[in-house]
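This briefing is intended to accompany the sequence and the structure shown below. Please keep both in view while reading.

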Amino acid sequence: MKNILGSICALATPFRADALDLAAFGALIDYQLAAGTQGLVVAGSTGEAHALDQSEFDRLLEFAVERIAGRVPVLAGTGTANTGKTIHATRRALKLGADAALVVTPYYVRPTQEGLLRHFNAVADEGGLPVVLYNVPSRTGCDMLPETVAALALHDGIIGIKEARSDAQRIADVVALRSARFAILSGDDATCAQAMLSGADGVISVAANVAPAALRALCDAARSGDAENARRLDARLHGLYAALGVEPNPIPLKWCLHRIGIGTAELRLPLVPLGATHHERVQRVLDELRLDAVQPRHSSAA
């Protein structure tokens, strides 16, 4: 099992004319690898997993595994609101070559902490892949508490957590669970530097799609304990973090990727492209980071 740490990008899924744009997806993967990104998430929430049918999930993951060719770990987003479906998706990801499963807490159904324990233990027992837990209450309506995470961390098949709650106490509580076999990953770009300075192993980042080299530099500084440099690099990225939050993720991200030459700004309903009122602000951030047209534009799907 490869180490899952440092700068990990939650990849967007490019679409063109409502189909997968694998040419753009390949360009995005290449952009990440060239910039030193240390892991890639395929079909997570940033990748609009909710909008993919089974054949698209399979093709996307198969394509990514082949393109990455073992250079960094590939995490497949396999979490659903149902345990059986999550196990099935995780088994498919195993067959398609993923290194680990990123499994979000069941959304909408709001399980109890006991339900979460049983759910994740079942996925780890029966899914066949190492599991990285994913807690993002703002999207799921379900908060997995640190004591539940502590119990799950005892399972040999559960190797880490992406914690997207950004309050200082939660970060401290979860970082305290870190061990040689259980990684702590921030799921919030805006507070990832502090999380890593506090002992977290890395970040699963949305912003890394657009600025992978900057996120890698930030992670290297923070993980080495270079607080001054980490905070300097982080401050430079705060405009990007804010821009990517002006509308729900991945709406602004898709627009940014299009502006730097990777794919279209297309999403699938009910998500719609970034409102024109935000274009000037977001473009200004890209210009300040010198991220305009960093890739040649890709006009056709593979």
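Are Phe 25 and Phe 63 buried or exposed? Both residues are buried. The model discussed here is predicted; its mean pLDDT is 95, and 96% of the residues reach 70 or more. The points below cover the barrel, the nonpolar cores, the aromatic pair, backbone features and confidence.

**Barrel**

- Eight strands form a closed barrel in the order S1-S4-S5-S6-S7-S8-S9-S10, with parallel pairing. From one strand to the next, the twist averages 25 degrees.
- Strand S1, residues 6-10, is mostly covered, as five of its five residues are buried.
- S1 is joined in parallel to strand S10 (residues 202-205) by four bridges, and within this pairing Gly 6 has Gly 202 as its bridge partner.
- S1 also pairs with strand S4 (residues 39-42) in the parallel sense, over three bridges; here Cys 9 is partnered by Leu 40.
- S4 in turn runs parallel to strand S5 (residues 74-77), to which three bridges join it. The partner of Val 41 in S5 is Leu 75.
- Helix H2 lies across S4 and S5 and runs at about 175 degrees to S5.

- In soluble globular proteins, nonpolar side chains tend to be buried together.
- The largest nonpolar core comprises 90 residues, and the members that touch the most others are Phe 25, Ile 29, Val 42, Leu 133, Val 210, Leu 218 and Leu 240. Helix H1 (residues 22-35) provides the largest share of this core, namely seven residues.
- Beyond four places in sequence, Ile 29 touches Leu 11, Leu 40, Phe 63, Ala 64, Arg 67 and Ile 68.

**Aromatic pair**

- A pair of aromatic rings is described by the distance of the centres and the angle of the planes.
- The structure holds one aromatic pair. The ring centres of Phe 25 and Phe 63 are 5.9 Å apart and the planes meet at 40 degrees, so the pair is tilted.
- This pair links distant parts of the chain, with Phe 25 in helix H1 and Phe 63 in helix H2 (residues 54-68), 38 residues apart.

**Backbone features**

- Asn 249 and Pro 250 are joined by a cis peptide bond with omega of about 5 degrees. Pro 250 is found in the loop between helix H10 (227-243) and helix H11 (251-259).
- A cis peptide bond also joins Leu 269 and Pro 270, with omega of about 15 degrees; Pro 270 lies in the loop between H11 and helix H12 (279-288).
- Glu 48, a residue other than glycine, has a positive phi near 55 degrees. Glu 48 lies in the loop between S4 and H2. Its relative accessible area is 0%, under the 20% cut-off, so Glu 48 is buried.
- Arg 110 likewise has a positive phi, near 55 degrees, in a residue other than glycine. Arg 110 is located in the loop between strand S6 (100-104) and helix H4 (113-126). With a relative accessible area of 62%, over the 50% cut-off, Arg 110 is therefore exposed.

**Confidence**

- Over residues 298-302, pLDDT stays under 50, and the model has 14 contacts beyond four places in sequence for this stretch.
- Where pLDDT is low, the predicted coordinates should not be read in detail.

Key
Residues numbered from 1 in each chain as written. Predicted model: local features only at pLDDT ≥ 70, side-chain atom pairs only at ≥ 80, totals over all residues. Heavy atoms only, no water. Core = buried A, V, L, I, M, F, W, Y, C linked by side-chain atoms within 4.5 Å. Buried < 20%, exposed > 50% of the residue type's maximum accessible area, 1.4 Å probe, protein only. Helix = DSSP H or I, 4+ residues; strand = E, 2+ residues; numbered from the N terminus. Contact = heavy atoms within 4.5 Å. pLDDT = per-residue confidence, 0-100. Phe/Tyr/Trp six-rings, centres within 6.5 Å; stacked < 30°, edge-to-face > 60°. Pairing = 2+ DSSP bridges. Axes fitted to C-alpha atoms, helices over the stretch in contact; angles between N-to-C directions.
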